[in-house]
Amino acid sequence: MLLVNRRGELLLVRRAATTLLGGLWELPGGAIEDGESVLDAARRELGEETGITGARVTAYLGHSDYDNSRGLRVREFAFAATLDHEQDVVLSAEHDAHQWVLPADLPDRLAGHERDLIARHAAQPKPFAGYQPLPAYLTGIPAAPLWAGLFFTTTAGEAVLLRSTNRLKGLQYPGGDAEFTDPTPLHTAVRETWEETGIRLAPAAELLPLVATVVEQPRAGWPTKVGFVFSGGSLTPAQLAAIRLNPDEHDEVVTVSEAGLKQLADPHAHDLTLAVLDALRTGVPAYVAR
């Protein structure tokens with residue numbers, strides 16, 4: 001894990017003298033266990049080796065192949081993460097020291113393949129105005145600058161909305177913030193809909209057309225965000241009854257007519273839904289700034 005703090009410094013740990021390659025500096029990481037994804041393994045190893053939890057993963061940096069100290073060919077998957085709030089480093093028995101270091105100040109005894117990784121993604125090239133190396137740049141990116149969701153109607157044409165357990169958020173579409181593993185906003189919408197309702201759909205643009213692009217204007221400390229709404233089609237009464245809500249996020253499925261939408265107390269929600277319904281009627285995707 002290429003973990004950086006708010007100052008753009010990388011976290012390195014040093015292998016204990018009693019271990020293989022003792023004294024070598026390296027990025028936190030380790031082997032994948034049975035049933036783990038590579039991202040879950042990276043997070044687990046970071047916690048086990050440094051005691052740090054809750055780091056914000058910001059990018060998948062790809063993989064590299066190298067020969068380890070035993071002569072075995074190894075594939076390493078690398079992720080970038082940001083530590084938004086300072087935490088104490090608590091080392092495991094595998095390591096005896098740590099340091100936060102700028103990419104330009106790497107120690108001499110550093111694993112070669114990891115030095116190359118840092119050089120590709122963090123080292124300062126020839127400077128020019130406004131440039132920031134990747135670790136410093138990533139710390140300035142909002143955690144979720146993009147969201148996407150699916151819009152469903154009943155067979156009678158009513159909007160299908162989910163009531164948030166956070167009453168300040170009101171009624172919402174199935175959807176949420178993009179993750180770095182989502183290749184497109186449509187994949188975000190499909191994934192989030194599955195997680196929030198149990199409805200599983202294929203991310204096929206011809207079946208789930210775009211019906212609205214939403215610009216969330218800066219407010220409440222957030223910068224501008226962009227959202228995409230795709231049409232999921234109509235749900236039958238049986239499909240509505242089968243919706244499985246995530247109780248941590250939503251507690252009720254609400255169906256509401258167009259006339260009823262105009263009576264909602266939350267203009268933030270009903271203005272967008274009215275625009276989406278109009279887009280479904282006309283076939284022209286809506287553009288909404290709110």
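Val38 is found in helix 1 (residues 38-50); helices (H or I, at least four residues) and strands (E, at least two) are DSSP runs, numbered from the N terminus. The model is predicted: local features need pLDDT of at least 70, side-chain atom pairs count only at pLDDT 80 or more, and totals for chains, interfaces and linings use all residues. Residues are numbered from 1 along each chain as its sequence is written, and side-chain values use heavy atoms, with hydrogens and water left out.

**Surface**

- Val38 is partly exposed, with a relative accessible area of 30%; buried means under 20% relative accessible area, exposed over 50%, and partly exposed in between (1.4 Å probe, protein chains only).
- Val38 belongs to a nonpolar surface patch with Ile32, Tyr60, Phe77 and Phe180, and together they have about 390 Å² of accessible area.
- Patches are made of residues with over 30% relative accessible area and no salt bridge; like charges are joined within 9 Å, nonpolar side chains (Val, Leu, Ile, Met, Phe, Trp, Tyr) within 5 Å.
- A salt bridge is a side-chain nitrogen of Lys or Arg within 4 Å of a carboxyl oxygen of Asp or Glu.
- Accessible areas come from the Shrake-Rupley method with a 1.4 Å probe; for residues, only the protein chains shown count as cover.

**Nonpolar cores**

- The largest nonpolar core has 20 residues, and those with the most contacts inside it are Phe151, Leu161, Tyr173, Val229, Leu272 and Val276; such a core is a set of buried Ala, Val, Leu, Ile, Met, Phe, Trp, Tyr and Cys residues joined through side-chain atoms within 4.5 Å.
- Elements that each supply at least two residues of this core include strand 7 (146-154), strand 8 (159-164) and helix 7 (267-282).
- Helix 7 gives the largest share, five residues.
- A second, separate core of 16 residues includes Val4, Leu106, Leu110 and Leu117.

**Strand 7**

- Leaving aside neighbours within four places in sequence, the contacts (heavy atoms within 4.5 Å) of Phe151 include Tyr173, Val229 and Val276.
- Thr153 lies in strand 7 and is buried, with a relative accessible area of 10%.
- With the neighbours within four places in sequence left aside, Thr153 is in contact with residues including Val160, Gly233 and Leu277.

**Helix 2**

- In helix 2 (residues 112-121), the buried residues are His113, Glu114, Leu117 and Ile118.
- They lie on the same side of helix 2 because they cover an arc of only 140° around the axis, the arc being that of the directions from the helix axis to the C-beta atoms.
- Their cover includes strand 1 (2-4), strand 4 (56-67) and strand 5 (73-82).
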